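Please look over the sequence and the structure below before reading on. The paragraphs that follow move from the whole chain to a few selected places within it.

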Amino acid sequence: MLNEDKPADDFSVVLQRLRKIYHSSIKPLEQSYKYNELRQHEITDGEITSKPMVLFLGPWSVGKSTMINYLLGLENTRYQLYTGAEPTTSEFTVLMHGPKLKTIEGIVMAADSARSFSPLEKFGQNFLEKLIGIEVPHKLLERVTFVDTPGIIENRKQQERGYPFNDVCQWFIDRADLIFVVFDPTKLDVGLELEMLFRQLKGRESQIRIILNKADNLATQMLMRVYGALFWSLAPLINVTEPPRVYVSSFWPHDYKPDTHKDLFLKEEISLLEDLNQVIENRLENKIAFIRQHAIRVRIHALLVDRYLQTYKDKMTFFSDGELVFKDIVEDPDKFYIFKTILAKTNVSKFDLPNRDAYKDFFGINPISSFKLLSQQCSYMGGCFLEKIERAITQELPALLGSLGLGKNPGSLNCDKTGCGETPKNRYRKP
């Protein structure tokens with residue numbers, strides 16, 4: 001089913017409408033209150049229109065690259081990823097669809113905003129040398145993008161890699177629709193690097209799938225012990241009431257070894273492929289939900305900055321030292337009911353509020369005087385920023401989501417009139 005020879009669905013109309021909502025209703029408030037400097041998460045047009053991303057993480061030599069080769073049927077072809085018993089993948093490898101086999105350097109991927117990888121430039125040129133894209137003419141890659149990552153080596157520190165490995169992993173984790181964390185029976189120990197990785201995965205538990213690979217190397221009794229040991233190792237790291245889904249199988253093209261649980265392994269493999277297919281089928285729903293979640297965070301940030309600014313103006317007198325007044329507010333926002341006021345007046349969940357300390361750093365870079373009150377962010381023709389983002393959250397995005405569920409056509413849009421944003425350009429491509 002994943003590889004069946006049918007044309008990729010054309011979602012351009014829905015994605016065009018989503019881009020229009022983002023550019024007209026969310027981005028103005030995001031830029032006005034410099035949300036990107038708080039969360040370090042800037043949404044590009046390429047990210048809105050990108051395919052679902054499946055991320056492979058885990059220790060070295062557990063079979064991540066072999067698993068990708070197997071899922072795509074690349075073994076013994078010129079397209080296959082290099083595999084071996086030693087640490088073989090030292091780059092972040094992005095597998096995408098293309099008309100012919102082609103390798104793309106990281107510096108080119110970062111320069112092409114249409115590919116959604118342009119924000120990776122912030123991690124420096126050393127990292128871009130460790131980023132590689134491979135275009136493969138495969139039907140599955142028309143619908144999904146795979147990302148293979150360097151294996152975690154516990155005795156290697158971040159600085160030895162020459163780039164911020166954990167920050168790069170976080171960037172991919174934030175954008176992944178499905179995260180496969182792969183283990184094998186010989187690498188179940190959890191060290192500092194793996195512990196840090198699971199800390200980065202907090203809040204993304206619904207996207208995580210644990211894979212115990214190479215399971216047919218073990219007899220039944222030993223497999224049960226290894227399965228228990230894996231749960232015991234991961235229990236402190238995944239702090240959720242329900243245990244994570246663990247797939248037990250051997251993801252490679254060879255036949256399962258005799259006298260092993262072949263039927264179980266095959267069922268587990270089918271379950272994993274169904275999970276993958278579900279992510280592909282729910283592509284648009286996930287994208288709309290992601291943009292709506294982003295809009296809620298932008299709205300909360302704008303309300304908080306507005307409240308900080310309003311409190312600052314109320315406390316200022318002719319003889320006040322503005323710097324000292326605002327320092328007092330930032331150091332102890334609870335004394336001025338900054339966060340409590342937001343919770344009392346708006347439909348904001350206390351669980352969505354950002355960390356108070358984050359605003360000390362935010363206002364350290366951005367002076368409070370550089371912002372306007374929300375009540376001043378209105379124009380006769382364009383309306384009010386806050387009203388537009390609230391309408392997007394409560395009406396426009398849910399309506400777009402509902403039209404998908406009912407199988408309706410959301411209707412075509414004219415970007416000349418609606419401001420969908422400019423067509424992304426590749427700085428490296430000659431006109």
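In this protein chain of 431 residues, buried residues make up 47% of the total; the model is a predicted one, and everything said here should be read with that in mind. The secondary structure comprises 17 helices and ten strands. Among contacts in the chain with a separation of 6 or more, 79% are between residues 24 or more positions apart. The chain exposes about 22400 Å², of which carbon and sulfur atoms supply 51%.

Leaving aside neighbours within four places in sequence, Phe362 is in contact with Tyr33, Lys34, Glu37, Leu38, His301, Val305 and Phe371.

Two packed helices are described by the angle between their axes and the distance between the axes. For helix 12 (residues 283-315) and helix 14 (residues 338-345), the angle is about 125° and the axes are 10 Å apart, so the two helices are oblique to each other; an angle over 145 degrees would have been needed for roughly antiparallel. The crossing of helix 12 and helix 14 is right-handed. On the helix 12 side the contact involves Leu303, Leu304, Arg307, Tyr308 and Thr311, which meet Ile338, Phe339, Thr341 and Ile342 of helix 14. Sorted by class, the residues in this contact are six nonpolar, two polar and one charged.

Two loop residues deserve a look at the backbone. Most residues other than glycine have a negative phi. Ser61, although not a glycine, has a positive phi of about 55°, and Ser61 sits in the loop between strand 1 (53-57) and helix 4 (64-72). Lys214, likewise a residue other than glycine, has a positive phi near 60°, and its place is the loop between strand 7 (208-212) and helix 10 (220-234).

How values were computed. Residues are numbered from 1 along each chain as its sequence is written. This is a predicted model: local features need pLDDT of at least 70, side-chain atom pairs count only at pLDDT 80 or more; totals for chains, interfaces and linings use all residues. Side-chain values use heavy atoms; hydrogens and water are left out. Helices (H or I, at least four residues) and strands (E, at least two) are DSSP runs, numbered from the N terminus. Buried means under 20% relative accessible area, exposed over 50%, partly exposed in between (1.4 Å probe, protein chains only). Contact means heavy atoms within 4.5 Å. Accessible areas come from the Shrake-Rupley method with a 1.4 Å probe; for residues, only the protein chains shown count as cover. Axes are lines fitted to C-alpha atoms, for helices over the stretch in contact, and angles run from 0 to 180 degrees between N-to-C directions. Angles under 35 degrees count as roughly parallel, over 145 as roughly antiparallel, 65 to 115 as roughly perpendicular and the rest as oblique. A crossing is left-handed if the near helix is turned anticlockwise from the far one by less than a right angle, and right-handed if clockwise. Ala, Val, Leu, Ile, Met, Phe, Trp, Tyr, Cys and Pro count as nonpolar, Asp, Glu, Lys and Arg as charged, and the others, Gly among them, as polar.
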